[in-house]
Amino acid sequence: MLATPLLESPRLLMNEEQTEPCTACGSLLEISGAPMFAERTCPVCNEQINVNRCFAHYGLLAILGQGGQGTVYRATDQHLNRQVALKVLRTEQGGDPQFVKLFEHEANITASINPPNVVRVYSFGTVHARV
């Protein structure tokens, strides 16, 4: 996981059960296992809501892009209340210790510089065995 300020596949697996309040009536909807950003209908008021997901303390808002390394999400850092880009590696690459070491090295180098055209790195880590 690499968090940068805003400038595997979208099916991010979550281990814990999740609920989300209906934006219209406040009823809690069970969203465990629902695809990220899918629409659900509230059984109480029939309002359509989008399924949101959290990854650690980041609320995922949208997919910004996908590539060979993984997926980049627009997210909200819920600890610092700011929008960031969050990169999550594909499962097969996150399980390769040599690739993770290179990715961490890249994050450390990028975090050590501050030119205006290079995205800033705020953190690097692993959540639920995902990098």
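Two strands pair if DSSP finds at least two bridges between them; strands (E, at least two residues) and helices (H or I, at least four) are DSSP runs numbered from the N terminus. The model is predicted, so local features need pLDDT of at least 70 and side-chain atom pairs pLDDT 80 or more, whereas totals for chains, interfaces and linings use all residues. Residues are numbered from 1 along each chain as its sequence is written, and side-chain values use heavy atoms, with hydrogens and water left out.

**View 1. Strands β7 and β8 form a hairpin.** Three residues lie between β7 and β8. The two strands run antiparallel and are joined over seven bridges. Within this pairing, Leu-60 faces Ala-75 of β8. Strand β8 is largely enclosed by the rest of the structure, because six of its eight residues are buried (under 20% relative accessible area; exposed is over 50% and partly exposed in between, with a 1.4 Å probe and protein chains only).

**View 2. Strands β8 and β9 pair in the antiparallel sense.** Eight bridges connect β8 with β9. Their hairpin has four residues between the strands, and Asn-81 there adopts a positive phi near 50°. Thr-71 has Val-88 of β9 as its bridge partner, while Thr-76 is bridged to Gln-83 of β9. Like β8, of whose eight residues six are buried, strand β9 is mostly covered, with six of eight residues buried.

View 3. Apart from neighbours within four places in sequence, Thr-76 contacts His-57, Tyr-58, Gly-59, Leu-61, Arg-82 and Gln-83 (contact: heavy atoms within 4.5 Å). Of these, Gln-83 is also the bridge partner of Thr-76 in β9. Arg-82 has its charged end over the ring of Tyr-122, 3.7 Å from the ring centre (NZ of Lys or CZ of Arg within 6 Å of the centre and within 35 degrees of the ring normal).

**View 4. The largest nonpolar core comprises ten residues.** Its members are Met-36, Phe-55, Tyr-58, Leu-60, Tyr-73, Ala-75, Val-84, Leu-86, Val-88 and Val-127. Two or more residues each come from β7 (58-66), β8 (70-77) and β9 (82-89), and β9 gives the most, with three. Such a core joins buried Ala, Val, Leu, Ile, Met, Phe, Trp, Tyr and Cys residues through side-chain atoms within 4.5 Å. The facing residues Leu-60 and Ala-75 both belong to this core.

**View 5. The structure contains one aromatic pair.** Phe-103 and Phe-124 are tilted, at 5.5 Å centre to centre and with 45° between the planes (centres of Phe, Tyr or six-membered Trp rings within 6.5 Å; under 30 degrees stacked, over 60 edge-to-face, the rest tilted). The pair links distant parts of the chain, 21 residues apart: Phe-103 lies in helix α2 (residues 97-111) and Phe-124 in strand β10 (residues 123-124). Phe-103 is buried because its relative accessibility is 2%, whereas Phe-124, at 27%, counts as partly exposed.

**View 6. The cysteines are shown in a structure with zero disulfides.** Cys-42 is buried, at 0% relative accessibility, and Cys-54 is partly exposed, at 29%.

Note on methods:
Disulfide = S-S within 2.5 Å.
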